Amino acid sequence: MAGSHNFDTAYRAIRDGKLAPVYYLTGNEDLLKQELIDCLVGQAVDASTRDFNLDARSATDLDPESFTALVDTPPMLADRRVVIIRNVDQWRKNSKVHQAAARYVANPSPTTILIMTHAAGGDPHADFGRGAYLVKVDALSAERLPKWVERDAVRLGISLEPAAVHHLIDSVGADLTLLRMEMEKLAAATSGETLDVQQVAEFVGIRRGETPHDWALAAIARDLPRAIAILPTVLNTAGVSGVRLVALLGTHLVGVRLARALLASRTAPGRLPGALFQQIRKARPLNLGDWKEAAAAWANAAPGWTLDGLNDAVQEAYDADRALKSTTIADESDILTDLLLRLHTRKAAA
C-alpha cells in the first residue's frame with residue numbers, strides 16, 4: 001500500500017478498512033488531512049478503548065526515546081493503536097529523532113498505525129515518503145468543491161439545494177475552513193429543512209448577484225456601472241480582500257484572452273464554450289467557481305475585446321495587485337475602482 005496517493009484514493013481505502021501501518025500526510029489542505037485522520041481513527045480504534053490506544057503529539061515535543069516509546073507501546077484491550085505526530089516538517093533531516101522515525105517507517109510495528117502530518121508548504125521528507133502510505137492532500141478543485149460542501153452539509157445535518165451550494169461557494173470562496181464555519185452557522189440556525197439560495201444568501205449576508213464572481217464577471221463584460229455599484233458590498237464581505245478580487249479578475253481576464261485567441265484561430269462561436277471548458281479542466285484553477293459558467297462568460301465577453309486590449313488589461317490587473325500589496329498607496333476601494341475605469345477605457349473590438 002506504500003506509494004503516493006491523493007485524498008480520494010486514501011479516503012476510499014481507509015473507509016473500506018484497507019489500512020497501512022504508516023501514513024504520511026502532506027500538501028496544503030490541512031482540513032482534509034484532519035478528515036483523513038478522523039476516518040483512520042474511526043476505522044482503527046474502537047471508541048471504547050480510544051482513551052488507551054490513541055496518542056497525538058507535536059513533532060517538536062519528541063526526542064528519539066519518546067518517539068520510540070510511543071510507536072512501540074502495545075495496544076491495550078485491542079488489536080492495534082494509533083499514534084498521530086503533527087508537523088514532522090519541524091524535524092531537521094539530520095536530527096536524531098528524524099533518523100529514529102525514518103528507521104521506524106522502514107520497519108513499522110504491526111500493532112501501531114502511525115500518522116505523520118507535514119505542514120503546508122515545503123517538500124516532504126523523502127525517507128518518510130518511501131516507506132509510508134504517502135498522501136498529497138491539496139486544495140479541492142472547483143469541480144469537486146460542490147460535492148465536498150454537499151457531503152459536509154449532510155454531516156452537519158443540513159441540506160442545500162444545488163444553486164444554494166454554488167451561491168455559498170461563490171460568496172465564501174474555496175477556503176474549506178471558512179465554508180465549514182458558514183455551514184456550522186447554518187446548521188445551528190435551521191431545523192433540518194432543505195435551504196434554497198435566498199435562505200443561504202440571508203445567512204451569509206451576500207445577496208445573489210453580489211458575490212466576488214459576479215463582480216469579476218461584470219468587469220470582463222465591460223459592465224462598468226454594475227461592477228462599480230456592487231464593489232462596496234463585495235469588498236465588505238467577510239474573507240474578501242482587494243488582493244483576492246484582483247486575483248479572481250486576473251484569472252477571468254486570462255480566460256477571456258484565451259477565448260479571443262480561439263476565435264482568432266477560427267474556433268466556431270458555437271463551439272467556444274465547450275473548448276474553453278476543456279481548457280479549464282486541464283488547468284484546474286482553484287478560484288474560478290462554476291467552470292461551465294466561467295467558460296460561457298468568457299465566450300460571451302471575448303467578442304467585446306481586442307487581444308491588445310486584453311494584454312493591457314492583464315497588465316493593469318498586475319499593477320493593481322502590486323498597489324494593493326503596498327502600504328503607501330490609496331485604500332482598496334480606490335485602487336479597484338481605478339482598475340475598473342482603466343479596463344473600461346481599453347479599446348473594445350469593432
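Visitor: Why are helices α16 and α17 called roughly antiparallel to each other?

Guide: Their axes come within 10 Å and cross at roughly 170°. Axes are lines fitted to C-alpha atoms, for helices over the stretch in contact, and angles run from 0 to 180 degrees between N-to-C directions. Angles under 35 degrees count as roughly parallel, over 145 as roughly antiparallel, 65 to 115 as roughly perpendicular and the rest as oblique. At roughly 170°, α16 and α17 are therefore roughly antiparallel.

Visitor: How do you know what the numbers rest on?

Guide: This is a predicted model, where local features need pLDDT of at least 70 and side-chain atom pairs count only at pLDDT 80 or more, while totals for chains, interfaces and linings use all residues. Residues are numbered from 1 along each chain as its sequence is written, and side-chain values use heavy atoms, leaving out hydrogens and water.

Visitor: Which residues make the contact between α16 and α17?

Guide: From α16 come Ala313, Glu316, Ala317, Ala320, Ala323 and Leu324, and from α17 come Glu332, Ile335, Leu336, Leu339, Arg342 and Leu343. Contact means heavy atoms within 4.5 Å. By class there are nine nonpolar, no polar and three charged residues. Ala, Val, Leu, Ile, Met, Phe, Trp, Tyr, Cys and Pro count as nonpolar, Asp, Glu, Lys and Arg as charged, and the others, Gly among them, as polar.

Visitor: Why is leucine 336 called buried?

Guide: Buried means under 20% relative accessible area, exposed over 50%, and partly exposed in between (1.4 Å probe, protein chains only). Leucine 336 has 0%, so it counts as buried. This leucine 336 is found in helix α17 (residues 332-345). Not counting residues up to four places away in sequence, leucine 336 touches Trp215, Leu231, Leu235, Gly242, Leu245, Val246 and Leu324. The C-alpha atoms of leucine 336 and isoleucine 228 are separated by 8.8 Å, although the two are 108 residues apart along the chain.

Visitor: Which residues touch the most other members of the largest nonpolar core?

Guide: Of the 47 residues in that core, Trp215, Ile220, Leu249 and Trp298 do. A nonpolar core is a set of buried Ala, Val, Leu, Ile, Met, Phe, Trp, Tyr and Cys residues joined through side-chain atoms within 4.5 Å. Helices α11 (212-220), α12 (224-235), α13 (242-264), α14 (272-283), α15 (291-301), α16 (307-324) and α17 each supply at least two residues. The largest share, eight residues, comes from α13. Apart from this core lies another, of 45 residues, including Ile37 and Ile115.

Visitor: What makes leucine 40 buried or exposed?

Guide: Leucine 40 has a relative accessible area of 0%, so it is buried. Leucine 40 lies in helix α2 (residues 30-44), and it touches Ile14, Leu19, Tyr23 and Ile115, not counting residues up to four places away in sequence.

Visitor: Why is asparagine 53 called buried?

Guide: Again the relative accessible area is 0%, so asparagine 53 is buried. Asparagine 53 is found in helix α3 (residues 50-53). Leaving aside neighbours within four places in sequence, asparagine 53 is in contact with Val45, Pro75, Met76, Ala78, Arg80, Arg81 and Val82.

Visitor: How do you know whether leucine 77 is buried or exposed?

Guide: Its relative accessible area is 73%, so leucine 77 is exposed. Leucine 77 lies in the loop between α4 (64-72) and β4 (81-86). It has a positive phi of about 60° although it is not a glycine. Most residues other than glycine have a negative phi.

Visitor: How many helices and strands does the chain have?

Guide: There are 17 helices and eight strands. Helices (H or I, at least four residues) and strands (E, at least two) are DSSP runs, numbered from the N terminus. Buried residues make up 46% of the 350 residues in the chain.
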